[in-house]
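The following exercises concern the architecture of a two-chain model. Each consists of a task and a solution in steps.

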Amino acid sequence: MPSPYNDIVLEHFKNPRNTGRIENPDGKATEGSPACGDMVSLYLKVDPETKIITDIKFESYGCASNIATGSIITELAKGKTIDAAKKITWQEASDALGGLPKIKAHCSVLAVEVLRSAILNYEEKHGLITSKEPTTEEIVRKRLKKVMNPIKGLDMVATHLVKEIEIKGGVVRILIDLPADHQFANSIKEDAIEKIESLWDIDKAIVEFTD
Amino acid sequence: MEKVYYLDNAAATRLDERVLEAMTPYFFTTYSVATSEFGYSIGVEAKDAMEEARGKLAAFFGAAQKEFIFTSGSTESSNLALKGVARALGEKKGKHLIVSKIEDFPVLYSARALEKEGFKVDYLDVDEDGFINLDALQDLITAETILVSVQHGNQEIGTIQDIKSIATLCHDNGVLFHTDATHTFTRVPLDVREIPADLVTVSAHTLHGPKGIGGLYIRNKTPIAKIMDGGFQEFDLRGGMDNIPGAVGFAKAVELVTPEENQRLTEMRDKIIELAFEKIPHAKLNGHSTRRTPQNANISFSYVEGESVTLHLDMYGIAVSTGSACFSRSLEASHVIMRIGGDHERAHGSIRMTVGRFNTMDEIIFVVDTLAQVVARLREFSSLGKE
């Protein structure tokens, strides 16, 4: 059967590992993007002494690459310390799956983010986190690195889509180097707004296009 | 090859062998261009075949032969209808058009292209079943309005508009009316002697006919300008090589549709809906329960994503489509489901199943059974719907 997905991805999609919930998890998080619509939740059990992830489960309300990445990320993280698990990148997850279609990168990135968020949630709950810092251009840029450019299958910062960033009184204005009627303009815009508006001191994100 | 359960007949259909048989001589025997009566013999024969096909198609609308032109398909027909009228009337009458928000892409993007050229377009809202409101349409019409375009049957949710009232309203206001009938042609009656439509888009690819041939009904004396420059084909409204096998195949495809077949499609459609609601909880029908095209069933299943469903179904040889953003080429959720008041979630889990001539009731039962299993399996580990 011809498929844009390779056999490893299809195998994880058909038989995802570590699905479900953990009752009373030590850390948990949900990441979702209304632009793509995908959502993924992740639950952790962490050994308080060694900080090793002893159990991990995920749930997905998403497409094939979201499910497959959720599955592989639980396999990659299980048995690692939270510090090691935090460093797992989307690229490593994608490589472990033998590669994902470029256009699907943004659905799978959620599964990687949710692991980091669940670890953050664990750290916050266990007093391992420092205080909040005000949003800077650098922080905005870092967030936008989580928005995928479906044209290239890489994030929108790396692919030079971000032309300008302006932060003024809780409002972030982002200029994207694409025409407003580009095939992926709306998808990128919604994704970017979601990533920025979730920052604690930002009320509104405005995304504009160069043409 | 394994058995295929093809339920995506709104996208494309399997060619009927009888259509191929009718077309074959025009590839191998009468393969020349259509010439005038002063040309060579096989050119005249080709011309006759083309005109005979044109006559049959025009007759299907209750139209005169010269009121039907062949195009490469629905996309071209709708482009010609909108841009051709805009060119003919933009300077003379006005630069205002009205289209519904749930039109298929050819109409929607032709309208957007015209906006870039300085035309003003109003996009008409639809209600939760996909119907436009006549009063709202009347309110939008001004002295500058040159064309209204509202589809006959919707491509995704099957909703059939009250085309007679819409056309009559436009007619009474002296505004041209175009309808995209790609998904209703031969399935739902449309006679231009009763319905005062000025332009009607049709295509063979949804009717077990060949791909790459469609047509546009153009009421006599409708102001319209050519947009495809070339030769003087199609009453000088569309330059380009005559697609004679296509035209013959299109006419044959239309001839093969019977009221009995439409009844059978309706029964299969209703069976899909009935079984899906019986077997799958948290389902919602998209579109109206009865005022929908005979071939279209579209249901949203909560807590699951459409591409995951279609990929699982594909492993069983089942072909269906979804309005999920993950499935679309622009990564955007179905504009139709969003406009009927649906949210991303409803588009996300929407599955469109469209039946055709070669489907059977047994296939329908297998497909819905499999669909129920797939949805249940995906819901087991969905991050939604547990509470």
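## Exercise 1: The contact between the chains

Task: Determine how many residues of chain A are in contact with how many residues of chain B, and describe the side of chain A that touches chain B by class.

Solution. Step 1: In all, 26 residues of chain A are in contact with 20 residues of chain B, where a contact requires C-beta atoms, placed from the backbone, within 7 Å. Step 2: At least two residues of this side of chain A come from each of β2 (39-46), β3 (53-61), α2 (64-77) and α7 (185-197) of chain A. Helices (H or I, at least four residues) and strands (E, at least two) are DSSP runs numbered from the N terminus. Step 3: The side of chain A that touches chain B has 14 nonpolar, 10 polar and two charged residues. In this classification Ala, Val, Leu, Ile, Met, Phe, Trp, Tyr, Cys and Pro are nonpolar, Asp, Glu, Lys and Arg are charged, and the others, Gly among them, are polar.

The model is predicted: local features need pLDDT of at least 70 and side-chain atom pairs count only at pLDDT 80 or more, while totals for chains, interfaces and linings use all residues. Residues are numbered from 1 along each chain as its sequence is written, and chains are lettered from A and ligands numbered from 1 in the order in which they are written.

## Exercise 2: Two helices of chain A

Task: Characterise the packing of α1(A) and α2(A) by the angle and distance of their axes.

Solution. Step 1: Two packed helices are described by the angle between their axes and the distance between the axes. Step 2: The axes of α1 (residues 7-14) of chain A and α2(A) come within 8 Å and cross at roughly 85°. Axes are lines fitted to C-alpha atoms, for helices over the stretch in contact, with angles from 0 to 180 degrees between N-to-C directions. Step 3: The helix α1(A) is therefore roughly perpendicular to α2(A), the class for 65 to 115 degrees; under 35 is roughly parallel, over 145 roughly antiparallel, and the rest oblique. Step 4: On α1(A), Val9(A), His12(A) and Phe13(A) meet residues of α2(A) that include Ala64(A), Ile67(A) and Ile72(A). Step 5: The residues of this contact divide into six nonpolar, three polar and no charged.

## Exercise 3: The sheets of chain B

Task: State the strand order of the seven-strand sheet and of the four-strand sheet, and identify the strands at the edges.

Solution. Step 1: Seven strands of chain B form an open, mixed sheet in the order β2-β8-β7-β6-β5-β3-β4; two strands pair if DSSP finds at least two bridges between them. Step 2: At its edges stand β2 (68-71) and β4 (120-124) of chain B, each with a single partner strand, so one side of each has no neighbour in the sheet. Step 3: Within this sheet, β6(B) and β7(B) run parallel and are joined by three bridges, with His178(B) opposite Leu199(B) in β7(B). Step 4: Helix α3 (residues 41-61) of chain B packs on the sheet and touches β2, β7 and β8 (214-218) of chain B.

Step 5: Four strands of chain B form an open antiparallel sheet in the order β9-β10-β13-β12. Step 6: Here β9 (283-285) and β12 (321-322) of chain B are at the edges, each with a single partner strand. Step 7: Two bridges pair β12(B) with β13 (residues 350-354) of chain B in the antiparallel sense, and Thr322(B) stands opposite Ile351(B) in β13(B). Step 8: Helix α10 (residues 259-279) of chain B packs on this sheet, and its direction makes about 15° with that of β10(B).

## Exercise 4: Burial of single residues

Task: Decide whether Leu190(B), His160(A) and Tyr303(B) are buried, partly exposed or exposed.

Solution. Step 1: A residue is buried if 20 or more other C-beta atoms, placed from the backbone, lie within 10 Å of its own, exposed if 12 or fewer, and partly exposed in between. Step 2: Leu190(B), in the loop between β6 (176-180) and β7 (199-203) of chain B, is buried because 24 other C-beta atoms lie within 10 Å. Step 3: His160(A) has 10 such atoms and is therefore exposed; its phi is near 60°, a positive value in a residue other than glycine. Step 4: Tyr303(B), with 19 other C-beta atoms within 10 Å, is partly exposed, and its phi is positive at about 70° although it is not a glycine.

Notes:
Two residues are in contact if their C-beta atoms, placed from the backbone, lie within 7 Å.
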